[in-house]
Amino acid sequence: MSRRARAAALLLFGVMLVLTAASWSAATPSTQFVVHWDVSGAADGYAGREALLLVPGLALVVAALVRLAVRFDPRRENIVRSASAVDTMVLALVLSLLLVQAAIASSGSGTVLPMDRLAPVAIGALILIIGRVLPQIRQNYTVGVRLPWTIESEKSWDATHALAGRIWVAVGAATIVSGVVTGGALPIVLLLVGLIGSLPIVARRAYRTWKYDRRR
C-alpha cells in the first residue's frame, strides 16, 4: 500500500477502535448487541460485549494474512504495479468493516438501523468498487481471480479480470438500486445470484483465452 492509503486505513481502523472502546464502556454486563441479521435485514443473533471485538479482530487477522501472502507472493512486483487498485480495494473493505462495527455498536443502545436497506447499499458499493478496479490488478497469486488458466497465461488473466470487473460493477449497481428501492431480501438474493451465476461465465472466459493463447 502507498503511504497515503496506509494512513487512511489506519485512521479508519482508529475510528473503529474508538467506537469500540466507547461502546464497551457504555455497555453493562446485561447489554445485548446484534451480531447477525437475516437476508431481510431482521436481527436474529445476539451476544454480550464480546460482540464488539469480532470486527476489529477480523480486520487484524485479514490484514496479517494478506500482508503475509503479499510478502511471499512469487509475483510480488505485479502487486506493487497494481498499488492504486489494491489501495482502493483495501480502503473500501476497511470502510465496510467500520460500517458493520457501527451497526453492532449502535444496537447496544437500542438503536434499530434499517439494515434491509443499509446492508445492500454498503455491500453493493463494495462489490461495485472492487469490480471497477479489478481490471487494473496485474497477474499475481494473492489478489484477483486465481484460476489455473489465469495464473499460467497473462492474457487469460487480463481478459478474465476485464469481464469479471464489468459483471461485478453491474451486480453491485443493481444491488444498490434494489436496496434503495425495495429493501428486504431481494437485494441480497440478487447479489448472490449475480455473483454465483457469474462464476461459470468468468471461468469459461479464462479457459478459452488460455486455450487460444497456448495455440499461438
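Read along the sequence, the chain follows the pattern α-β-β-α-α-α-α-α-α-α, which amounts to eight helices and two strands, where helices (H or I, at least four residues) and strands (E, at least two) are DSSP runs numbered from the N terminus. The model is predicted, and local features need pLDDT of at least 70 while side-chain atom pairs count only at pLDDT 80 or more, although totals for chains, interfaces and linings use all residues. Residues are numbered from 1 along each chain as its sequence is written, and side-chain values use heavy atoms, with hydrogens and water left out.

**Whole chain**

- Along its principal axes the C-alpha trace spans about 65 × 40 × 25 Å, and 38% of the 216 residues count as buried, a class defined by a relative accessible area under 20%, with exposed meaning over 50% and partly exposed lying in between (1.4 Å probe, protein chains only).
- The accessible surface comes to about 12100 Å², and carbon and sulfur atoms account for 67% of that area; such areas come from the Shrake-Rupley method with a 1.4 Å probe, and for residues only the protein chains shown count as cover.
- The chain carries 22 positive and 11 negative side chains, and the centres of the two sets lie 9 Å apart; Lys and Arg count as positive and Asp and Glu as negative, whereas His and the chain ends are not counted, and each charge is placed at NZ of Lys, CZ of Arg, CG of Asp or CD of Glu.

**The strand pair**

- Strand β1 (residues 33–37) and strand β2 (residues 43–47) run antiparallel and are joined by four bridges, pairing being assigned if DSSP finds at least two bridges between two strands.
- Within this pair, Val-34 of the chain stands opposite Tyr-46 in β2.
- The hairpin of β1 and β2 has five residues between the strands, and Gly-41 there takes a positive phi near 90°.

**Thr-142 in a loop**

- Thr-142 is placed in the loop between α5 (115–133) and α6 (148–152), and its relative accessible area of 17% is why it counts as buried.
- Its side chain makes a polar contact of 2.5 Å with the side chain of Asp-73, a polar contact being a pair of N or O atoms within 3.5 Å in which, within protein, one must be able to donate a hydrogen and the other to accept it, and for which residues adjacent in sequence count only if both atoms are side-chain atoms.
- The side chain of Thr-142 also reaches the backbone oxygen of Ala-69 at 3.5 Å, and, with neighbours within four places in sequence left aside, Thr-142 is in contact with Ala-69, Val-70, Asp-73 and Ile-79.

**Helix residues**

- Ser-106 is found in helix α4 (residues 83–107) and is buried, with a relative accessible area of 17%.
- The side chain of Ser-106 reaches the backbone oxygen of Ala-103 at 3.0 Å, while Ser-106 touches Thr-111 and Leu-113 once residues up to four places away in sequence are not counted.
- Pro-187 lies in helix α8 (residues 186–215) and is buried, with a relative accessible area of 0%; leaving aside neighbours within four places in sequence, Pro-187 is in contact with Pro-120, Thr-175, Ser-178, Gly-179 and Thr-182.
- Pro-187 and Val-171 are 16 residues apart in sequence and 9.9 Å apart in space, C-alpha to C-alpha.
- Lys-155, in helix α7 (residues 154–181), is partly exposed, with a relative accessible area of 43%, and its C-alpha lies 7.1 Å from that of Asp-213, a residue 58 positions away in sequence.

Conventions. Contact means heavy atoms within 4.5 Å.
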